[in-house]
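Could you walk me through this model in my viewer, one selection at a time? I am new to it and would like to know what to look for at each stop.

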Amino acid sequence: MDSSQTEILKTEDGITQSAGEGKQSGKISAENEFDNKSTDSNTEKSSDFQISSEKSGTIDSKIEDVVPKMICDIQILQPHSLLPKPEAPPGLFNPPVQNDDVSMSPPENFAVDMPAIGKFIRERSNNFSAAIARKLNSFKENLDHPKPEPKPSVTEFNLSGLRVVVKLKNDEDQSAIKGRISFFSRSNCRDCTAVRRFLREKGLKFVEINIDVYPRREKELVVRTGSASVPQIFFNEKLFGGLVALNSLRNSGDFDRRLREMVGTKCPDDAPSPPVYGFDDDDDEEEGSEVESTEEIVRIVRVLRQRLPIQDRLMKMKIVKNCFAGCELIEALIHHLDCGRRKAVEIGKLLARNHFIHHVFGENDFEDGNHFYRFLEHEPFIPKCFNFRGSTNDGQPKPAAKVGEKLTKITSAILEAYASDDRRHVDYIGISNSEEFRRYVNLTQELHRINLMDLSPEQRLAFFLNLYNAMVIHAVIRSGHPEGVMDRRFFSDFQYIVGGHPYSLSTIKNGILRNNRRPPYFLVKPFSSGDNRLELVLDKVNPLIHFGLCDGTKSSPTVKFFSPQGVETQLRSAAREFFQSIGMEVDLDKRTVYLTRIIKWFSSDFGQEREILKWIMSYLDATKAGLLTHLLSDGGPINISYKDYDWSVNS
């Protein structure tokens, strides 16, 4: 073999040997090394015949120097036959031919597929060039044809259970108005409603000061205007006038100019201030004797709460929690007041009548002996009552009629400020963040110990209708809207303490207003025999109540509040409004009448289906009444179908 025809061999020490010596010694070394290590592990690779990664660069450079000189006698030593063979990338090299002889010829076995590499490079280059061309064309199109600016318009965002309409502000109008528009109002005032609607249509921000919600501000109104009449509009600190002045400027077209003149400057400090967090004093002064009596009772109750042994006891095979015996209360009163036993029993009965204490099973008001009683705040239903805030209201209970009147005024003010004009959409988020709602929650604490037996039947009907609708607003804010007619979370678990007893939406509707009838799909009546609340149920069922109660859903009647003087007339108006809108439809071709599902759920209150159609006739408009009369008069069959109920929230 010629000196130019040398062979490069890699031994374990990385020494380069000549072809003549390396070929023979390499074979002997490989055989000895493999025989020695095969006894330890069959999977361990021999490194005697592998090109090390550390020296691969040097070997490659040497091979590149030697390859031009090689003609055909290059020999590469192959690994042992039991070791894994490296594989070339597919398409780049032709697969090597395995021979027993370690020598191979480069022209036959070391071929490179150059056309495949060239094709791959051309394809990548063409794709890259096309991407650059498209990007340049898009830039050119944007420069030649710029996109038009979006025009200011009303933008709608469709959210789950909520529809928000955002109006873009008019920069000129907003920059011109730097002051504040405010007006004094009262609940259920038509002129105040007209002023409120006009300001909303003009897109003007304003501050409303409702005298029924903030009684203290009535004195300020008298000082500023000389009378307590409403509405009274103020532009900053300047009195603009009432509805008459507003209509005159609106009809003359001079309202905008006058507005810019009067509200073009920053609002001074002496302008009517917006309502802020606070508490109002009682709007009526109690007689001195009543105040002294109330304070004395409260002092006695506080002493009893500290001295009585309140603990769990066994009574009638039941464990009664947080109770005390009647005789223990008598002993505590005798020791504290230094009075006789008969006087102590009278005080105990007074505490029971004022709902400071109750018999654990409601069997009697108060008796001396081994009868168990508990304080109102220890009743088991207290955790479900959302008008209980840590303690009961120990003050002198106000007349139920007066509390109901205040409740109606403040809830009406909330609706006027945070509901649409047709009352079909209520802003529950705005209500929850308002000062009016905070004061409403404070007002509900006055319901703890009121005497509902003082109410007349008309007052009782209006009171519970208004309480139901107010509780629904509170329940939607705190618990969410109902998801079905059997939703216990909404209709049963949300409760108020009223007159010393718990009232849920179900007990008010089915127990009080429906004369203690079973709710839909229930087998048990709201009040069992012996329940003290049975004394308050209405004597007969009025089916119109179903159209005066709102459940906070889209398919329910709109939310309303009623006055005791005209509650029957207002209920008829509510039924007429409901049937003329979504409560009833007539399909003359199919001879089908579509009714609200409320009538199906409470069918026992309405009677037979054909009688229902005759009863509905007086609450329909002329078109629906004419179609229904035609179906009833021709003697043909009439199909009655009940519409699906939409339980989504009416927000």
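A crossing of two helices is called left-handed if the near helix is turned anticlockwise from the far one by less than a right angle, and right-handed if it is turned clockwise. Keep that in mind for the first stop, and note that this is a predicted model.

**First stop: two helices.** Select residues 457-479, which form helix H16, and residues 505-513, which form helix H18. Their axes come within 10 Å and cross at roughly 160°. Angles over 145 degrees count as roughly antiparallel, so H16 and H18 are roughly antiparallel to each other. Turn the view and you will find that H16 passes H18 in a left-handed crossing.

Now show the side chains here. From H16, the residues in contact include Leu461, Phe464, Tyr468 and Met471; on the H18 side they meet Leu505, Ile508, Lys509, Ile512 and Leu513. By class, this contact has 11 nonpolar, no polar and 1 charged residues.

**Next stop: a sheet.** Select strands S9, S10, S12 and S11, which lie in that order in an open sheet with antiparallel pairing. At the edges are S9 (311-315) and S11 (357-359), each pairing on one side only. Neighbouring strands of this sheet are turned by 55° against each other on average, direction ignored.

Zoom in on S11 and S12 (residues 372-375), an antiparallel pair with 3 bridges. Histidine 359 stands opposite tyrosine 373 of S12.

**Last stop: a helix on the sheet.**

Methods:
Residues are numbered from 1 along each chain as its sequence is written. This is a predicted model: local features need pLDDT of at least 70, side-chain atom pairs count only at pLDDT 80 or more; totals for chains, interfaces and linings use all residues. Side-chain values use heavy atoms; hydrogens and water are left out. Axes are lines fitted to C-alpha atoms, for helices over the stretch in contact, and angles run from 0 to 180 degrees between N-to-C directions. Helices (H or I, at least four residues) and strands (E, at least two) are DSSP runs, numbered from the N terminus. Angles under 35 degrees count as roughly parallel, over 145 as roughly antiparallel, 65 to 115 as roughly perpendicular and the rest as oblique. Contact means heavy atoms within 4.5 Å. Ala, Val, Leu, Ile, Met, Phe, Trp, Tyr, Cys and Pro count as nonpolar, Asp, Glu, Lys and Arg as charged, and the others, Gly among them, as polar. Two strands pair if DSSP finds at least two bridges between them.
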